[in-house]
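Open the model in your viewer and keep the selection tool at hand. Each stop below says what to pick and what you will find there.

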Amino acid sequence: MPEPQVFDPLPDEAYEVDTAVRLRDVAEKPHVTDDGWVEVPYTTLNPYGETDVTMESNHRSLLRAYEDNDEVTVDAGTIYFAADTTDTDLIETYNALMSYPIFDEDDESELRMERESEAWDDWARDDFYRALDAQFPLVAEGGGFDEFVPPEGAAAVFFEMEPQWEHTSDGTWLNVGDMLERRVQYRGADEVLGEVGGAIFYDQAWNAKRALTEFLGFKYPPTDDQLMLLINVLWDLGYQARNAPGTGLEPDDIETNLASQPPVPGLIALFDADPEAEVWYQYLAERWVAFTALRDEAALAGSEGEESFVEFLREAQPYLEAEDPVEYAEAHGLIGMTDGRTTR
């Protein structure tokens, strides 16, 4: 690539885009090559390490936006626009990047999250487990947090702490131990342990809800409150797991709740026509109610201190080893079905 020629900028009034002018004439401080290309600022990829987030986002976003434009090219990891272009969009994009270095803020944010998610998978998750073990040694004596806090649950707690990542040419970095220590100093050790406790049955509760709502054929998954209301209505009608606790709807509310829950009549008809469907509903509903309650109990136990938390873990061990509800439902043909029984 020939050495670029640096042109002095024109007065401000000359920056107004007109189809009769070329990029080289109106661009702010253009670097024009001998073969007629203008280097686009903030679009160069790093060949020796991780590219700056803004640079990489601009690079991929511009190529996506102008993939069929012959006046856009890439050389040595940098994007160039044709110096003689009169394309007003290209000219405006160039000058906008000279004033503000981000082409697509949504894409830049997405790329940051992609890198942070990769860092979590690659090393931050293990660092988080180790930091929890160091912070709560009494709990860790039982085998370590990685044995009873599932990865998805740990991720939910970790990202709720709003980690302040550093994005550098050497990668995406974070001192996880310092982040957890600050959280403990700000919130208190028991409250943080309560947050972690709520993640223990995160996967089981979520998977039980997924299995139940897919089995019942909902087009859009209900919220936890909506699903609990539906279960309670069916409970009062006798269509509920025999061992699942109800939350005590008042009798006067039953008719109102029925009217507000369109799925109920269809479910009752399904259960009347297919007794086996009621049996499986009872099992899945019981699993969701149980794991949701356990999730809340774990959070409460953690908030009461390490000794309380250790005692809870000891008592909850059978549930920690229980079969995943989604795997169970799939193995028994309860979800992933196409016979129409679960469409509503």
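## Stop one: Glu108

Select Glu108. Apart from neighbours within four places in sequence, Glu108 is in contact with Val53, Thr54, Ser57 and Ile102; contact means heavy atoms within 4.5 Å. Glu108 lies in helix 4. Helices (H or I, at least four residues) and strands (E, at least two) are DSSP runs, numbered from the N terminus. Is Glu108 buried or exposed? Glu108 is buried, with a relative accessible area of 9%. Buried means under 20% relative accessible area, exposed over 50%, and partly exposed in between, with a 1.4 Å probe and protein chains only.

## Before moving on

This is a predicted model, in which local features need pLDDT of at least 70 and side-chain atom pairs count only at pLDDT 80 or more, while totals for chains, interfaces and linings use all residues. Residues are numbered from 1 along each chain as its sequence is written, and side-chain values use heavy atoms, with hydrogens and water left out.

Now show the whole chain. The secondary structure comes to 15 helices and seven strands. Of the 344 residues in the protein chain, 42% are buried. Take the contacts between residues at least 6 apart in sequence: 71% of them join residues at least 24 apart.

Select Glu39, in strand 3. Glu39 counts as partly exposed, at 30% relative accessibility. Leaving aside neighbours within four places in sequence, Glu39 is in contact with His31, Thr44, Thr78, Ile79, Tyr80 and Tyr94. Pick out Tyr94: Glu39 and Tyr94 are 55 residues apart in sequence, and 9.2 Å apart in space, C-alpha to C-alpha.

Move to Tyr42, in the loop between strand 3 (37–39) and helix 2 (53–65). Tyr42 is not a glycine, but its phi is positive, about 60°. At 38% relative accessibility, Tyr42 counts as partly exposed.

Next comes Ala76. Look in the loop between strand 4 (72–75) and strand 5 (78–82). Ala76 is a residue other than glycine with a positive phi, near 50°. How does the surface treat this residue? Ala76 is exposed, with a relative accessible area of 74%.

## The loop between helix 5 and helix 6

Select Gly144, found in the loop between helix 5 and helix 6. Gly144 counts as buried, at 4% relative accessibility. Gly144 and Tyr129 are 15 residues apart in sequence and 7.6 Å apart in space, C-alpha to C-alpha.

Val149 lies in the loop between helix 5 and helix 6. Val149 is buried, with a relative accessible area of 2%. Which residues does Val149 touch, not counting those up to four places away in sequence? They are Tyr129, Ala154, Val196, Ala199 and Ile200.

## Helix 6 and its cover

Select residues 151–160, which form helix 6. Gly153, Ala154, Ala155, Val157 and Phe158 are buried here. What covers the buried residues of helix 6? The cover includes helix 4 (105–135), helix 7 (176–187), helix 8 (189–197) and helix 9 (202–216). After helix 6 comes Glu162, whose phi is positive, near 50°.

## Helix 7 against helix 8

Show helix 7 and helix 8 together. Their axes come within 6 Å and cross at roughly 120°. Axes are lines fitted to C-alpha atoms, for helices over the stretch in contact, and angles run from 0 to 180 degrees between N-to-C directions. Helix 7 and helix 8 are therefore oblique to each other. Angles under 35 degrees count as roughly parallel, over 145 as roughly antiparallel, 65 to 115 as roughly perpendicular and the rest as oblique.

Show the side chains. Helix 7 brings Leu180, Arg183, Val184 and Arg187 to the contact, and helix 8 brings Ala189, Glu191, Val192 and Glu195.

## Last stop: the largest pocket

The largest pocket has a volume of about 350 Å³. A pocket is an open set of points on a 1 Å grid over the protein atoms alone, where a 1.4 Å probe fits, with protein on both sides within 12 Å along at least five of seven lines; lining residues have an atom within 4 Å of a point. Grid points are joined across faces, edges and corners, and the volume is the space filled by probe spheres set on the points.

Of the 17 lining residues, Glu147, Phe148, Leu313, Gln317 and Leu320 are the closest to the centre. Finish on helix 14, which gives the largest share of the lining, five residues.
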